[in-house]
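Please keep the structure in view while reading.

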Amino acid sequence: MVIYAEEMSLHTGEETDWTAATTTPSYQPKTSGRLIQVKLFFGQTDATSVVTVASARLQCPLWGVDVQVTLQGAGIQTAPAFPNSVGIQNVDVPVQTGVPITVAFKHLVNAETPVTSNLKLVGVFEA
């Protein structure tokens, strides 16, 4: 058994409805096995970057259910900037080479509107 992590997708945008990832909207598993965890990271680009809540959704015809992971952002990144949390969701779903996983992202907007949001989705796999 091998457990490894791999970048699945990147997204730059502030959409509030599910929107396909800007980079790798359809992830192709490298090996057959299981997806056991997903991690969602936020990377600021400047002091005016804002994220309150962001989510990633993964869909695959093998599952019958969606996999979602959400992170709580730290708001505006002006000095002093506070660290953003990493969204971590444990899962246990099969993956198979040749069967794509579609990835979409969205933001929750309340009092603050997301600005210059960069999101990275990492999958932890067991093969």
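In this predicted model, strand β1 (residues 3–12) pairs with β9 in the antiparallel sense, over nine bridges. Strand β9 itself spans residues 118–126 and is mostly covered, with seven of its nine residues buried.

Next comes the nonpolar core. The largest one has 26 residues, and the members that touch the most others are Leu 35, Leu 58, Trp 63, Ile 101, Phe 105 and Leu 121. Two or more residues come from each of β4, β5 (50–59), β6 (67–76), β7 (87–95), β8 (101–108) and β9. In soluble globular proteins, nonpolar side chains tend to be buried together.

Phe 105 gives a detailed view of this region. Leaving aside residues up to four places away in sequence, its contacts include Leu 10, Trp 18, Leu 40, Ala 56, Leu 119 and Leu 121. Ser 9, His 11, Asp 17, Thr 19, Ala 21 and Ser 55 are also among the residues touched by Phe 105.

Finally, the whole chain. It has nine strands and zero helices. Among contacts between residues at least 6 apart in sequence, 78% join residues at least 24 apart. Buried residues account for 39% of the 127 in the chain. The accessible surface is about 6300 Å², and carbon and sulfur atoms contribute 55% of that surface.

Technical notes. Residues numbered from 1 in each chain as written. Predicted model: local features only at pLDDT ≥ 70, side-chain atom pairs only at ≥ 80, totals over all residues. Heavy atoms only, no water. Buried < 20%, exposed > 50% of the residue type's maximum accessible area, 1.4 Å probe, protein only. Helix = DSSP H or I, 4+ residues; strand = E, 2+ residues; numbered from the N terminus. Pairing = 2+ DSSP bridges. Core = buried A, V, L, I, M, F, W, Y, C linked by side-chain atoms within 4.5 Å. Contact = heavy atoms within 4.5 Å. Areas by Shrake-Rupley, 256 points an atom, 1.4 Å probe, with all protein chains shown as cover.
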